[in-house]
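Hi,

Here is the structure I promised to pass on. Please have a look at it, and then read my notes below.

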Amino acid sequence: MSAQQPLPPYAEALGIVIDHDEAGEPVLRVEFSPRVQGRPGFLHGGAMSGLMEMAAFAALRAELAARGEASMQLKPVNIQVEFMRGGTEQVTYAKGTVTRAGRRVALVNAEAWQDDRTKPIALAQIKVLLIPAE
Amino acid sequence: MSDEKRHVLPPGTRFDPSLASRVMTRHGHGGWLGLQYHAHGEDWVELALPWREDLVGIDGAGVLASGPIISLMDNATSMSVWTKSGNFVPHATLDLRVDYMRAAKPGNTVIGRGECYKLTRTISFIRGIAHDGDPADPVAHVIGTFMATHGSYR
């Protein structure tokens, strides 16, 4: 069973899909296409960030669902992205890891990689405000 | 580093964001997002991101996802570096931090203003805001750095 929820319109439009589930944390994937290309031959940093953000929210949603808080509203507070390698013309993956999800705020790390998982191309740290549904 | 390598533009030509945007906003990720040139000054560039239904994010209700805002600010700040430098040198984003003040209003075009506030030979320091009509009430603040990967900014 998976706690996965549908990805938002932005993810769908960019071609981001759920690749598989890793111990309850979804791994997201985006194929290389002109839609995610920055300078010729390379992945756009913004597309990379968008993918990591979607992975972070998916991981957080899964964690919240597991503790019976699936209806919680999520509001991003900030994101810090470190770009470590240029992404090239190939499939990119991303996975979020919930570092701490309290009652009001959550801190989620996300990582993006291509053909070699031990060599991430970017890292992100995202802070999210948790707002209980009315 | 030879001058030929430093200057991708013809000698004596300064980088012009209004001309460069014609190409840069038509292809790739920026083209898909529909980014448009808005304005520029000596060390800043403004790009526009028109609202679109398929760019909506997590909570639905027509609020733009944050991914497109990051891309808008990445492009606007990147162009502000070349604008201040005058040299169109290849560079890479090292890091970018975005603080989200509030959600962008559904239907509104978001303006991203990127500013390069310091250039060294290799590193450029940038900051910027995104707003949806009133620059005094921003949607987001950003800060970050780029690195010249070949050649130098100055």
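Helix α2(A) is largely enclosed by the rest of the structure, because 18 of its 22 residues are buried. Buried here means that 20 or more other C-beta atoms lie within 10 Å of the residue's own, while 12 or fewer makes it exposed and anything in between partly exposed, with C-beta atoms placed from the backbone. Helices (H or I, at least four residues) and strands (E, at least two) are DSSP runs, numbered from the N terminus.

Before going further, a word on the source: this is a predicted model, in which local features need pLDDT of at least 70 and side-chain atom pairs count only at pLDDT 80 or more, while totals for chains, interfaces and linings use all residues. Residues are numbered from 1 along each chain as its sequence is written, and chains are lettered from A and ligands numbered from 1 in the order in which they are written.

Back to α2(A), residues 45-66. Its end C-alpha atoms are 32 Å apart, which agrees with the 32 Å that 22 residues should span at 1.5 Å a residue; the expected span is 1.5 Å times one less than the number of residues. Just after the helix, G68(A) has a positive phi of about 75 degrees. The helix lies across β1, β2, β3, β4, β5 and β6 of chain A together with β3 of chain B, at about 45 degrees to β4(A). Contact means C-beta atoms, placed from the backbone, within 7 Å. Axes are lines fitted to C-alpha atoms, for helices over the stretch in contact, and angles run from 0 to 180 degrees between N-to-C directions. In chain B, helix α4 (residues 66-85) packs on the sheet too, touching β3 of chain A and β1 to β6 of chain B, and its direction makes about 40 degrees with that of β4(B).

Now the sheet. It is open and has 12 strands, in the order β1(A)-β2(A)-β4(A)-β5(A)-β6(A)-β3(A)-β3(B)-β6(B)-β5(B)-β4(B)-β2(B)-β1(B), with antiparallel pairing. Strands pair if DSSP finds at least two bridges between them. At the edges stand β1(A) and β1(B), each with a single partner strand, so one side of each has no neighbour in the sheet. Neighbouring strands are turned by 25 degrees against each other on average, direction ignored.

Where do the chains join? β3(A) and β3(B) pair in the antiparallel sense over five bridges. Within that pairing, I79(A) has V98(B) as its bridge partner, and V81(A) stands opposite L96(B).

As for the interface, 28 residues of chain A are in contact with 27 residues of chain B. On the chain A side, α1, α2 and β3 each supply at least two residues, and the largest share, 10 residues, comes from β3(A). That side divides into 14 nonpolar, 11 polar and three charged residues. Ala, Val, Leu, Ile, Met, Phe, Trp, Tyr, Cys and Pro count as nonpolar, Asp, Glu, Lys and Arg as charged, and the others, Gly among them, as polar.

Finally, chain A as a whole has two helices and six strands, in the pattern α-β-β-α-β-β-β-β. Buried residues make up 39% of its 134 residues.

Best wishes

Technical notes. Contact = placed C-beta atoms within 7 Å.
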